[in-house]
Amino acid sequence: MRQLAVVVLAAGEGTRMKSSTPKVLHEMAGLPLIGHVLATAHSLRADHVVAVLRHELERIEQYVSSFYPSTLIAAQDEVPGTGRATEAALSVLPADFAGDVVVLSGDVPLLDVQSIEQLLEIHRENQNSGTLISAMLEDPTGYGRIVRSRESFVGIVEQKDASEAELRIQEVNAGVYIFDHAHLRNALERVTTENAQREKYLTDVAALMLEQGQQVSAHPINDNWLVAGVNDRHQLQNVASELNSRIIRAWQLAGVTVVEPQSTWIDVTVQLARDVTILPSTRLKGFTSVGAGSVIGPDTDLTDVRVGSGVTISRTQGSASEIEDGASVGPFAYLRPGTSLGADGKIGTFVETKNAKIAAGAKVPHLSYVGDAEIGEGSNIGAGTIFANYDGVNKNRTVIGKQARTGSGNVFVAPITIGDGAYTAAGSTIRRDVEPGALALSVTPQKNLAGWVLDKRPGSKSAEAAQRSSDAS
């Protein structure tokens, strides 16, 4: 088998993005643009993958080395152009490398492995020196044109160097190439910057190969979205929408119900089981996974949340949390990192949780904050309960045992432990540990100051109402 190297060109500045973030680090469906391309590159089982960087090299290299550590990094010098970038990539390949070189663009995120493998098969079967993908566009403005003599490929001409006749050509260069390594290296040595943009074009390689009598062919792709590039934020949104549509379609075909695809967003890293239902205005991001038969949404945003089977989550924002089988969450819940809800448990309406372990069958039904806490199996937390976990310096933990029942309007001043089967009375502030089976209450006798409103708020509407009530009696 011939060796294979994949080169990802990502040295451009991306000025049309008008952003302090490098273009190839702008995210789409859970990955930066270059992440999509590198995932494809490594899926080709290449012997070497090279990323060519220049603008914001350190920031991009940090991402690449963190998530694709086997990728080689090549730095492009001040000489501009895709040809010079490819030369930089070849310079970091091992001296004994012999085989084919696939060249991809770091801002073309939808190109799939199958399309590249098909092109590679054509390239090797025909013993080409160069093989490239083209696309037919109604408006080819800005793209290099594919020039043919009858049906045979004869070269690529860039927009700024094209004649009037060439500008009318609708077949364009898609920026995806496969070259024989030795022929590519030789051709690049002869490429100059004598053109309108004073750049060293990779596209000139094809013409030089043809001049040497070598075989080069261009093949139109059937799906133009696969080679759609991203140069500005409008194009980013368009490509992201198309990718999301394809992700949703794939999950629908795999047995997932998506009620309103146009308002649903699912990252490429998300995993869904059969018979999951996604309701409108739901966003599933990061490494979120959802088990069979769960219903997510509407108006729900989950990032890195593991959801079991038979779970319902409604109008909820959650991140870095775990929800076990049969549990329910929401509506209007906020799950912060470290939340764990056990099987058949409940986090209800207007409940915020953080670093909280809520065991199987335990319930926090409504209007509560549960931070730095552990709630035992089958326990129930009354409405309006606050876990006061912060003393101004440190975060402290509250532990509530199994089958405990806490009253409405409680404040648990951590660190405390409430034993198995204990009760706490409504309106109590609990400052000390409660032994198993005990009732804890903090009672202050109620005192009514007669006539206070008439005395302290004379002339107010309250005073008038009180006076009328007094007169009537």
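Where is the place of threonine 264? Threonine 264 sits in the loop between β12 (257-258) and β13 (265-266). Before going further, please keep in mind that this is a predicted model. The points below begin with that threonine, then turn to helix packing and aromatic rings.

**Threonine 264 and its surroundings**

- With a relative accessible area of 1%, threonine 264 is buried, because buried means under 20%.
- Leaving aside neighbours within four places in sequence, threonine 264 has contacts with Asn244, Ile248, Val258, Ile278, Leu279 and Thr282.
- From C-alpha to C-alpha, threonine 264 and serine 281 are 5.3 Å apart in space, and they are 17 residues apart in sequence.

**Helices α3 and α6**

- Two packed helices are described by the angle between their axes and the distance between the axes.
- For helix α3 (residues 82-91) and helix α6 (residues 181-190), the axes come within 10 Å and cross at roughly 130°.
- α3 and α6 are therefore oblique to each other, and their crossing is left-handed.
- On the α3 side, Gly83, Thr86, Glu87 and Leu90 take part, and they meet His181, Leu184, Arg185, Leu188 and Glu189 of α6.
- Sorted by class, the contact of α3 with α6 has 3 nonpolar, 3 polar and 3 charged residues.
- Serine 91 also belongs to helix α3, and at 53% relative accessibility serine 91 counts as exposed.
- Serine 91 and arginine 185 are 94 residues apart along the chain, with 9.7 Å separating their C-alpha atoms.

**Helices α6 and α7**

- α6 also packs with helix α7 (residues 204-211), at an angle of about 105° and with the axes 9 Å apart.
- α6 and α7 are therefore roughly perpendicular to each other.
- His183, Leu184, Ala187, Leu188 and Arg190 of α6 make this contact with Val205, Leu208 and Met209 of α7.
- By class, the contact of α6 with α7 has 6 nonpolar, 1 polar and 1 charged residues.

**Helices α1 and α2**

- The axes of helix α1 (residues 33-43) and helix α2 (residues 57-67) cross at roughly 40° and come within 11 Å.
- This makes α1 and α2 oblique to each other, with a crossing that is right-handed.
- Ile34, Gly35 and Leu38 in α1 meet Ile60, Tyr63 and Val64 in α2.
- The residues of this contact of α1 with α2 comprise 5 nonpolar, 1 polar and no charged.

**Aromatic rings**

- A pair of aromatic rings is described by the distance of the centres and the angle of the planes.
- Searching the whole structure gives 5 aromatic pairs.
- In one of them, the ring centres of tyrosine 177 and phenylalanine 179 are 5.6 Å apart and the planes are at 15°, so the pair is stacked.
- Tyrosine 177 and phenylalanine 179 are both buried.
- Phenylalanine 332 and phenylalanine 350 form a stacked aromatic pair too, at 5.1 Å centre to centre with 10° between the planes.
- Phenylalanine 332 lies in the loop between β24 (328-329) and β25 (333-335), while phenylalanine 350 is in strand β27 (residues 346-358), so the pair ties together parts that are 18 residues apart in sequence.
- Phenylalanine 332 has a relative accessible area of 42% and is partly exposed.
- Tyr63, Phe67 and Tyr68 form one aromatic cluster, and Tyr63 is also among the α2 residues that meet α1.

Methods: Residues numbered from 1 in each chain as written. Predicted model: local features only at pLDDT ≥ 70, side-chain atom pairs only at ≥ 80, totals over all residues. Heavy atoms only, no water. Axes fitted to C-alpha atoms, helices over the stretch in contact; angles between N-to-C directions. Helix = DSSP H or I, 4+ residues; strand = E, 2+ residues; numbered from the N terminus. Parallel < 35°, antiparallel > 145°, perpendicular 65-115°, else oblique. Left-handed = near helix turned anticlockwise from the far one by under 90°. Contact = heavy atoms within 4.5 Å. Nonpolar A, V, L, I, M, F, W, Y, C, P; charged D, E, K, R; others polar. Phe/Tyr/Trp six-rings, centres within 6.5 Å; stacked < 30°, edge-to-face > 60°. Buried < 20%, exposed > 50% of the residue type's maximum accessible area, 1.4 Å probe, protein only.
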